[in-house]
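Subject: Structure for your review

Dear colleague,

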Amino acid sequence: MSAVVSHIREPLVEGGKTYHQITEDLVSPTERTPTTAWVIAFLVAVTGLALYVFCVAWTIWEGIGSWDLNRTIGWSWDITNFVWWVGIGHAGTLISAILLLFRQRWRTGVNRAAEAMTIFAVICAGQFPLIHMGRLWLAIFIFPYPNTRGPLWVNFNSPLLWDVFAISTYFTVSLLFWYTGLVPDFATVRDRAKGLRRKIYNFLSFGWTGSAKHWQRWESLSLVLAGLATPLVLSVHTIVSFDFATSVIPGWHTTIFPPYFVAGAIFSGFAMVLTLMIITRKVLNLEQYITIGHIESMNKVILLTGTIVGIAYLTELFIAWYSGYIYEQFAFYNRVLGPYWWSYVGMMSCNVLSPQLFWSKKLRRSIFVTFFMSIFINIGMWFERFVIIATTLARDYLPSSWSYYVPTWVEIGLFIGSLGLFFTLYLIFVRVAPVVAVAEVKSILKVAGDQYAGENAKNAHAHAEHH
Amino acid sequence: MGATHKEVLFGLYDDEEILLKAVQQAKDEHLDIMDVYTPFPVHGLDPILGLSESRLHIAGFIYGALGTLTAFLFMTWVFTRDWPIIFGGKPYWSVPAFIPITFELTVLFASIGMVVSFYTVCGMAPGKVIPTLDDRITDDKFCIAFNTNDSEESEVEKIKKFLSASGASEVNTKVI
């Protein structure tokens, strides 16, 4: 509770805010009529969503033959998109759970939006394996339910089934965690509203009152959910990597995959958080809550995870050579210099080389550089999954079945359309809920803001003025 | 809250540090606080108010253990009793392959169980209308509330005196 002014750490909330101003700044975007910029962005996103719906319908109607998959290359853009979206969906839980456990207070500025992004990214991710089944109406077969065929159960030894459990658990837990945090903020929105709006937000706030005992339970719940979500977030991408690592395909069958995938997921997730945050803070005037300090902290995580990913790429190459196993050696030779060399170059330059610029403090704190870097990383991480999946499959054991793959318009439409789905959901979210966690920002204001109310604070300010 | 109406006398404070001192003072004067409402979790309030630690995490452990057992015993039953199949020359009871799903269901059961328990013990539910004392409690006011349903005049006066003396910016009554 002490109000000590730190001379070392920069404040997490700028602009000398009071509690009421925080409410005003963070809740008012949901109360104003939408701006023209929002309407235009929403129309673009919904157009993307329409394209997505059309391409999904086309795929189901025409069958998987409308894609360029063939006997050799059975997984390509579909699974690339799946892994890419799941990876993006890792940053939210990392920010909200792991940083909560580590008591990193800067998380309060970005956790709400990052968790929302996680949920929307997982929604996008989960669709690709389903569409990829071709016969979507049989998707229920992936769940173990009592049936009239024996009952014949699913194969609990298969990593593809582990994935079903991992993704659905991750989605459920992220949603619960996010919503629990939203409940007190919905109550704040409710108490400022009138009429129907008040009724709607009362419904959403579950009748929250702010009682001391409720806050105590709420904090206990948040802490345990964070403790559960931390190993969960690591397990999800580990299990996604098992989809590849437990196979016997050279280039996939490696023990390095789980940590390498998890680091890559955090890397790409933070990049997407930055892309969204840089736009959101500008459009909603939240520069005093999502500060340059926040951006710098995230850029440090990007530098760390990007470097881990880079080391993983080099380790793969070294182990392929050192193993003395010609099929493994060929798989990696083919990745770097084979027909898909351009995707390897894209991956290496976007993921390994470009983040190294962030060793410079000046570049880490530059909005312009950060924004472009975040786009680069999003592209690079998509290439990484494409390199792992399509490049590896294109050249298998039998040269007679070697093949090349070019996406059809349906597959391109599905990918672009899934971005439309993602941004539609995100744009609705920024209209409906406070983008920054209101109660949590208030709770750190005195320990980490530049404004201190109350008696201790007056003393601290008086003290500071003396010096 | 139900059908019984309560007459509540409450004071609104502008800052949590004033609130903490006031709550301490109320405890020293043996005033019977009904509840304290704040816009965000105020640390240091629970011990002064005498709230015991939440037992939610114990419930969470039990739910988690239930998830572990459900997943592991179900897969064991399927692969050793109900429909044994050999996959890749492995034993029927291939324990290492059961670990990922066992872990996921542990987390799933613990999370869902705890969240449901949380809302149940707090008496909250979607659409539930719980009357609040003041709209600014979720904004920037910190509230100490007293139930004055059966209080005598002198007691009410004493509480009012306490509230204004301890730094409340407003003192109000409301029937909820």
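The two chains touch through 53 residues of chain A and 58 residues of chain B, where a contact means that the C-beta atoms of two residues, placed from the backbone, lie within 7 Å. This is a predicted model, in which local features need pLDDT of at least 70 and side-chain atom pairs count only at pLDDT 80 or more, while totals for chains, interfaces and linings use all residues. Residues are numbered from 1 along each chain as its sequence is written, and chains are lettered from A and ligands numbered from 1 in the order in which they are written.

On the side of chain A that touches chain B, the elements giving two or more residues are α1 (19-27), α6 (159-192), α7 (195-205), α8 (212-245), α16 (438-448) and α17 (454-466) of chain A. Helices (H or I, at least four residues) and strands (E, at least two) are DSSP runs, numbered from the N terminus. The largest share of this side, 16 residues, is supplied by α8(A). By type, the residues of this side of chain A are 25 nonpolar, 22 polar and 6 charged; Ala, Val, Leu, Ile, Met, Phe, Trp, Tyr, Cys and Pro count as nonpolar, Asp, Glu, Lys and Arg as charged, and the others, Gly among them, as polar.

One helix pair spans the two chains. α6(A) and helix α4 (residues 95-121) of chain B pack at about 25°, with their axes 9 Å apart; axes are lines fitted to C-alpha atoms, for helices over the stretch in contact, and angles run from 0 to 180 degrees between N-to-C directions. The two helices are therefore roughly parallel to each other (under 35 degrees; over 145 is roughly antiparallel, 65 to 115 roughly perpendicular and the rest oblique). The crossing of α6(A) with α4(B) is left-handed, that is, the near helix is turned anticlockwise from the far one by less than a right angle, clockwise being right-handed. Among the residues that meet are A:Trp162, A:Phe165 and A:Leu176 in α6(A) and B:Ile101, B:Leu105 and B:Leu108 in α4(B). This contact comprises 12 nonpolar, 4 polar and 1 charged residues.

Turning to chain B, there are 5 helices and 4 strands, which follow one another from the N terminus as β-α-β-α-α-α-β-α-β. The radius of gyration of chain B is 25 Å, well over the 16 Å that the globule rule gives for 176 residues, so chain B is more spread out than a compact globule (the radius is taken over C-alpha atoms, and the rule is 2.2 Å times the number of residues to the power 0.38). The C-alpha trace of chain B spans about 80 × 35 × 25 Å along its principal axes.

The strands of chain B form an open sheet of 4 strands in the order β2-β3-β1-β4, with antiparallel pairing; strands pair if DSSP finds at least two bridges between them. β2 (35-37) and β4 (170-175) of chain B are at the edges with a single partner strand each, so one side of each has no neighbour in the sheet. From one strand to the next, the twist averages 25°. Strands β1 (residues 7-13) and β3 (residues 142-147) of chain B pair in the antiparallel sense over 6 bridges, with B:Gly11 opposite B:Ile144 in β3(B). Helix α1 (residues 16-28) of chain B packs on the sheet and touches β1, β2 and β3 of chain B.

With kind regards
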